Amino acid sequence: MSFRWLLDRQILRHGYDIIHSAGPNTDVANVYTIQTVHPCKMAQLNPMRVGATASRLRRFCWERYDRAVTAAERVAYTSRGPLGPRYFLPVSGGTRDELIKHYPDTKSDSAGSNVVVIPNGADLETFSPMQRPLHREAVRRSLELADEDFVLVFSGGDWRRKGLDLLFEAIRLIDDPRVKLLVVGHDRADQDLRYRPAKLGIEWRIRFAGFRSDIEKYYAAGDLFVFPTSYEAFSLASIEAAASGLPVLMTDVSGAKELIGDNVTGAIIRRDPKDIAEQVLRFVNNRPLLLETSRRARQRVEEQFHWDRVASDTLQIYRNLVAR
């Protein structure tokens, strides 16, 4: 809240032609990239926090933060003032629908022509199948994974929302010792999930890599990206995994249909351990399917989800603003 208050006053002291904000960081932007719609996210996240092993102070901070972000969104996205024409750039069709539902004033006309979907992207060189021959063997060796292991990759924090507990249950149901799970990222609020594999008797099949700034190397070590999340605007991790040549299994959240299509680059899964296990085994037991889906995953990102296209589409928004 203090950041927004100070930022608004700094921005207004200068004569900027275009102000572009990633979310409600300021009330005086002309362009807002919409990475999340907080009321929708909270509707999914709050029930899961009931079982989290977070301290009372952290829970207090969650509550204050959620209130502040929701209030900031309402003011930033619905206030008019002297801002002139504005554009809203949700990162997926689902996020666009959530934005218009909760903040209908974002539409400047009945067609909503100032609400334009511009998705996230991936760096096609950093995230590439070409990383495999460079890093796959070394990363697997460091994690004590064998060449013949079939490695599922999960990436991110906020583990309960993203379904890591469900993924542990799915691993327990898969009666194939070659199938291992690599968890990249950490979640300080749900550290108890680190002990869940031991309780399930599958700790020998799980690898925790922690937070990694070189995550492309860990995608290179994997075979399949699995992401049973309950809410996303458009998961950047799923795009980067697909760019790395990993088929993507994820729930039917915003962005999933754009990336996966009709099971072209992976599969839509349910937040159900049995369904997750069955979908994983489809790829474990069908190597031609795995290879073909891997190729199509990379191809889709090359065609639709790279930063050059994001930059070009965003530049066109700027041109429209200048013209208006």
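This is a predicted model: local features need pLDDT of at least 70, side-chain atom pairs count only at pLDDT 80 or more; totals for chains, interfaces and linings use all residues.
View 1. The side chain of Arg 96 forms a salt bridge with that of Asp 97. The N to O distance is 3.3 Å. Asp 97 is also partly exposed, at 46% relative accessibility. The structure holds 21 salt bridges; the next views show others.

**View 2. A salt bridge between two loops, Arg 161 to Glu 232.** The two side chains meet at 3.0 Å, N to O. Arg 161 sits in the loop between strand S4 (150-155) and helix H6 (164-173). Glu 232 sits in the loop between strand S7 (224-227) and helix H9 (236-243). The pair therefore ties together parts that are 71 residues apart in sequence. Arg 161 is buried, with a relative accessibility of 7%. Glu 232 is buried too, with a relative accessible area of 10%. Both count as buried because the class covers values under 20%.

**View 3. A further contact of Arg 161.** This view stays with Arg 161, in the loop between S4 and H6. The side chain of Arg 161 makes a polar contact with the side chain of Asp 158. The distance is 2.8 Å.

**View 4. Asp 176 and Arg 178.** A salt bridge joins these two side chains, with N to O at 2.7 Å. Asp 176 is buried, at 12% relative accessibility. Arg 178 is partly exposed, at 37%. Side chains of opposite charge can pair when their charged atoms come close.

**View 5. A salt-bridge network.** Three residues take part: Arg 136, Arg 140 and Asp 223. Salt bridges link them in a network.

**View 6. Packing of helices H6 and H11.** H6 packs with helix H11 (residues 273-284) at an angle of about 60°. Their axes lie 8 Å apart. H6 and H11 are therefore oblique to each other. Their crossing is right-handed. On the H6 side, the contact is made by Leu 166, Leu 167, Glu 169, Ala 170 and Leu 173. On the H11 side, Pro 273, Lys 274, Ile 276 and Ala 277 make the contact.

Conventions: Residues are numbered from 1 along each chain as its sequence is written. Side-chain values use heavy atoms; hydrogens and water are left out. A salt bridge is a side-chain nitrogen of Lys or Arg within 4 Å of a carboxyl oxygen of Asp or Glu. Buried means under 20% relative accessible area, exposed over 50%, partly exposed in between (1.4 Å probe, protein chains only). Helices (H or I, at least four residues) and strands (E, at least two) are DSSP runs, numbered from the N terminus. A polar contact is a pair of N or O atoms within 3.5 Å; within protein, one must be able to donate a hydrogen and the other to accept it, and residues adjacent in sequence count only if both atoms are side-chain atoms. Axes are lines fitted to C-alpha atoms, for helices over the stretch in contact, and angles run from 0 to 180 degrees between N-to-C directions. Angles under 35 degrees count as roughly parallel, over 145 as roughly antiparallel, 65 to 115 as roughly perpendicular and the rest as oblique. A crossing is left-handed if the near helix is turned anticlockwise from the far one by less than a right angle, and right-handed if clockwise. Contact means heavy atoms within 4.5 Å.
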